[in-house]
Amino acid sequence: MGWGGNGKGQGWGGNGKGQGWGSSWAPVWQPMFNGWKGKGKGKGKKTDPTLMVWLGNIPEGTDWKALQDHMNQAGKSKWVEVFDGKGKGTGKAAFSTAEEATNAVAMLNGSVLGGQAIMVDVWVKAPKEATA
């Protein structure tokens, strides 16, 4: 009894009704984390290539928001990504329709962003190299 209980499962903070720390009424602990369900918002989803455009010659320091504002001149873009590392100076944008993507190529190829002309072209995924 010296620790707050009477030997009947009341434990710390027991009030005589079995409601203390360590009492037998406590529910079994269940973890709240059930594993990752994806790669983040929008990641891991396949986008139709006819809805995407490739962007090149993007000025250094351009963030996705400035690029999205520029791309929205041709139609509301769904998302824009600026690549870094080996793809530095390039990126891609996706639109809701193939017509908006085609319009972006026609309207914005050669347009000026951050003092330099950017390239906008249709998105073409590089073919995988054949293994022998």
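Visitor: Where does threonine 62 lie?
Guide: In this predicted model, where local features need pLDDT of at least 70, side-chain atom pairs count only at pLDDT 80 or more, and totals for chains, interfaces and linings use all residues, threonine 62 lies in the loop between S1 and H1; helices (H or I, at least four residues) and strands (E, at least two) are DSSP runs numbered from the N terminus. Residues are numbered from 1 along each chain as its sequence is written, and side-chain values use heavy atoms, with hydrogens and water left out.

Visitor: Is threonine 62 buried or exposed?
Guide: Threonine 62 counts as buried, at 17% relative accessibility, where buried means under 20% relative accessible area, exposed over 50%, and partly exposed in between (1.4 Å probe, protein chains only).

Visitor: And which residues does threonine 62 touch?
Guide: Leaving aside residues up to four places away in sequence, threonine 62 touches Leu67, Val82 and Leu113, contact meaning heavy atoms within 4.5 Å.

Visitor: Changing topic, what is the strand order in the sheet?
Guide: The order is S2-S3-S1-S6 in an open sheet of four strands with antiparallel pairing, two strands being paired if DSSP finds at least two bridges between them. Strands S2 (77-82) and S6 (119-122) stand at the edges with a single partner strand each, so one side of each has no neighbour in the sheet.

Visitor: How many bridges join S1 to S3?
Guide: Strand S1 (residues 52-56) and strand S3 (residues 91-95) run antiparallel and are joined by four bridges, and tryptophan 54 stands opposite lysine 92 in S3.
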